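Work through the exercises below with the model open. Try each task before reading its solution.

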Amino acid sequence: MKWKKFKIKTKTEAEDIIISTLYDIGLEGAQIEDNVPLTALEKEQMFVDILPQMAEDDGTAYLSFFVEETEEGGLLLNGESKTEEDILKAVKEELDGLRDFMDIGEGSIAVDETEDIDWINNWKQYFKQFYVDDILIIPSWEEVKEEDKDRMIIHIDPGTAFGTGMHETTQLCIRQLKKYVTEDTEMLDVGTGSGILSIVALKLGAKHAVGTDLDPCAVPAVEENKEANEIPVQDFDMMIGNIIDDKDVQDAVGYEKYDIVAANILADVLVPLTPVIVNQMKKGGIYITSGIIDQKEETVVKAVKDAGLEILEVTYQGEWVSVTARKN
């Protein structure tokens, strides 16, 4: 399937109004490119291990809209066949109308033909099976090799929103879970994402896990991965909300009841999280953190110590750091 990409050069303050206006003529699903700094809330909601380096924000934005190209060479918009010229004319008319009451910047439109991409499944090429010591993490579309049949096998489908666990930060957490999980473990997984850490803990023998996340996409991701790994429904509970500052979430999660708290989140989120999360931990409970780039190690270590926790171990993989501590 081929697509035509209509890319508009505009200003960041005009992004929303242009997207809304062009939605009315059938252009949906805009891809936004700009250098606007992330807000504190957006940083908390990022499910990546390090924020990308961004150029200085100069107010410029690019909005790209993709229109399906038919076998006959036409473009399919709102179920109707259109020519490239038809769509360009309609977009220019809408942009010219917006210019009457706001500054949309240059407003130029570039048209490109994309390569033939399966937009739904193309992301799968980035996720392959891999090992964390004796554990095999494998997505559903790959087969387990005969020589791996006797390993612990974790089936994780990340979907488009979360990672498989291939990243070093998740591997660091998994290795710590292997050291501390017992058959009596109650685990809290903050920023659970695909649910991989909780699922690994349950497969290692943990009694029960609770996952929290800010992104509603985590709910179906966790449910699908629970089913794929034959995790009983009652063994892994999931809730959406910010445990750092939402008292309702804190109350629902519960206090002084977790043997292990895992948080594979950015260091800038671990700092405010740590003094809060100690209230959820049992005495003697283990706190496993990662998502820490090596330059932020001391920042997180200080936050952990300031919260009254004892540092047990700091482990490394590549440029990433995991801090493990205990509540005495």
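**Exercise 1. Classify Asp 133 by accessibility, then find its salt-bridge partner.**

Step 1. Asp 133 has 42% relative accessibility, so it counts as partly exposed. The scale is: buried under 20% relative accessible area, exposed over 50%, partly exposed in between (1.4 Å probe, protein chains only).

Step 2. This is a predicted model: local features need pLDDT of at least 70, side-chain atom pairs count only at pLDDT 80 or more, and totals for chains, interfaces and linings use all residues. Residues are numbered from 1 along each chain as its sequence is written, and side-chain values use heavy atoms, with hydrogens and water left out.

Step 3. Asp 133 forms a salt bridge with Lys 178; the closest N and O atoms are 3.5 Å apart. The criterion is a side-chain nitrogen of Lys or Arg within 4 Å of a carboxyl oxygen of Asp or Glu.

Step 4. Asp 133 lies in the loop between S7 and S8, and Lys 178 in helix H4 (residues 168-180), so the pair ties together parts 45 residues apart in sequence. Helices (H or I, at least four residues) and strands (E, at least two) are DSSP runs, numbered from the N terminus.

Step 5. Lys 178 is partly exposed as well, at 30% relative accessibility.

**Exercise 2. Describe the pairing of S8 with S7 and with S9.**

Step 1. Strand S7 (residues 130-132) pairs with S8 in the antiparallel sense, over 3 bridges. Pairing requires that DSSP finds at least two bridges between the strands.

Step 2. Val 132 stands opposite Ile 135 in S8. The hairpin has 2 residues between the strands, and Asp 133 takes a positive phi near 60 degrees there.

Step 3. S8 and strand S9 (residues 152-155) are parallel, with 4 bridges. Leu 136 has Ile 153 in S9 as its bridge partner.

Step 4. Now check the faces. In a regular strand, side chains alternate between the two faces of the sheet. In S8 (residues 135-138), Ile 135 and Ile 137 are buried on one side, Leu 136 and Ile 138 on the other.

**Exercise 3. Which side chain meets Lys 282 in a salt bridge?**

Step 1. Locate Lys 282 in strand S14 (residues 281-293). Lys 282 is partly exposed at 29%.

Step 2. List contacts (heavy atoms within 4.5 Å). Leaving out residues up to four places away in sequence, Lys 282 touches Glu 256, Lys 257, Tyr 258, Asp 259 and Lys 327.

Step 3. The salt-bridge partner is Asp 259, at 3.2 Å, N to O. Lys 282 is in S14 and Asp 259 in strand S13, so the pair ties together parts 23 residues apart in sequence. Asp 259 is partly exposed, with a relative accessible area of 22%.

**Exercise 4. Which residues touch the most other members of the largest nonpolar core?**

Step 1. The largest core has 29 residues; Leu 188, Val 190, Ile 243, Val 261, Leu 273, Ile 277 and Tyr 287 touch the most other members. H8 gives the largest share of this core, 5 residues.

Step 2. Apart from this core lies another of 26 residues, among them Ile 135, Ala 209, Val 222 and Ile 288.

Definitions and conventions. A nonpolar core is a set of buried Ala, Val, Leu, Ile, Met, Phe, Trp, Tyr and Cys residues joined through side-chain atoms within 4.5 Å.
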